[in-house]
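Work through the exercises below with the sequence and the model in view. Each task is followed by its solution.

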Amino acid sequence: MYFLIITFGFLLAMRGTRPASLQRPAEGFRRIVRETIDLFLTMSLILALLAVAAGSEEVRTGVGEYAVLGFGIAAYLLSRYQKKTDLFFFSVIAGIFMISSKQRNLSEEILLAGVVSAGIALFQACFLGLRYKLLFSSVPVSMKGWPSLCLLAGFISMVLWGLWNSAF
Amino acid sequence: MVYPYGFFKAGIAVLWIVVFLWSTVFFFWFTRRLFPDHLLKHAFFFWLVVWAQAVWTLTKLPPYWIVSVFFLTPVSFLDDTAKASHVRVFSKKVPRYFFERALTGIGFAGFVMLLTLVREIGEKSLGMHVFEQPAGMLLTAAAVAFLWKNQPYRRRSQYPSIAAERKLGPPKSPLMKRKQRLGKG
């Protein structure tokens with residue numbers, strides 16, 4: 001689960017939405033919160049649909065066998081309906097796959113979806129804040145771009161690992 | 001992909017991703033004109049989801065691999081008007097489009113195997129706990145990105161060589177021109 005938060009937190013921070021200017025971090029932070037709520041609601045809705053479908057005797061076998069196809073199509077349609085990016089769709093698929101493979105109870109699954117969404121948002125917020133601070137520091141030219149971004153992500157990942165271990 | 005698997009399993013998974021990428025590129029390059037314009041992108045994502053389901057059913061490989069395929073796929077992939085130019089390889093003309101995709105696949109496989117090797121050494125041989133989590137991979141990726149960005153030949157190419165400078169001649173600034181005219185240059 002932690003692996004999912006870091007991977008998709010990093011990917012969404014880099015290519016999640018139309019990037020807000022780094023000069024205006026408050027705007028970027030608002031976008032992160034909005035995207036996180038959308039991610040949580042989309043995942044919860046699909047998990048609820050899966051639970052309802054699994055409750056019916058007729059479709060239970062089909063849902064079990066073709067789960068990836070089922071929630072993949074649902075995630076794609078919901079992402080397109082909300083005019084989200086392609087990466088949002090992949091995040092929803094990965095999140096639902098991991099949550100549904102671990103949990104069976106719907107309330108626990110929704111709670112886990114909330115934890116994943118909040119973790120991704122925390123990662124993105126830290127990343128945005130550090131990138132903003134980096135604007136005012138003299139980073140060597142050889143370290144600008146991907147080297148410094150990966151380094152930042154690695155450090156945030158280590159901090160979140162500590163928080164994750166103490167929380168769970 | 002590196003994180004949950006060992007060296008051997010990561011190798012098989014990356015091999016599958018590269019083969020699938022090449023098959024996808026090959027398939028859609030030749031069939032893209034058969035799809036209506038507004039359905040082409042949807043068809044591509046549907047293709048990914050169907051294969052994710054098929055591979056999960058057959059091998060129990062989690063569907064995260066489709067994210068790698070998505071990122072390796074070029075932006076112009078679904079552009080109906082795109083044309084493949086040619087590049088010479090061993091005196092034979094090969095379409096640049098497929099040549100670049102082949103290099104992308106090989107590069108991706110090499111990069112993943114390098115990360116896996118570093119993780120195996122760092123975690124098992126050196127006992128570094130940072131490699132048990134994604135932070136280790138991100139720090140390794142930072143090191144690789146640093147080395148890639150500061151390649152010696154790239155740094156050299158930022159400054160023109162002496163031979164190229166002689167060929168171009170002296171810079172033609174107004175001050176230099178004036179000096180040349182006055183015979184001081």
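**Exercise 1: Confidence in chain B**

Find where confidence in chain B is lowest and where it is highest.

Solution. Confidence is given as pLDDT, the predictor's score for each residue from 0 to 100. In chain B the lowest mean, 55, belongs to helix α7 (residues 162-168) of chain B, and the highest, 87, to helix α5 (residues 134-149) of chain B. Helices here are DSSP runs (H or I, at least four residues), numbered from the N terminus. Chain B has a mean pLDDT of 77, with 70% of its residues at 70 or more. Where pLDDT is low, the predicted coordinates should not be read in detail.

This is a predicted model, in which local features need pLDDT of at least 70 and side-chain atom pairs pLDDT 80 or more, while totals for chains, interfaces and linings use all residues. Residues are numbered from 1 along each chain as its sequence is written, and chains are lettered from A and ligands numbered from 1 in the order in which they are written.

**Exercise 2: The side of chain B that touches chain A**

State how many residues of chain B are in contact with chain A, and which helix supplies the largest share.

Solution. Contact requires C-beta atoms, placed from the backbone, within 7 Å. By this rule, 24 residues of chain B meet 26 residues of chain A. On the chain B side, α2 (37-59), α3 (65-72) and α5 each supply at least two residues. The largest share, 9 residues, is from α5(B).

Terms used. Two residues are in contact if their C-beta atoms, placed from the backbone, lie within 7 Å.
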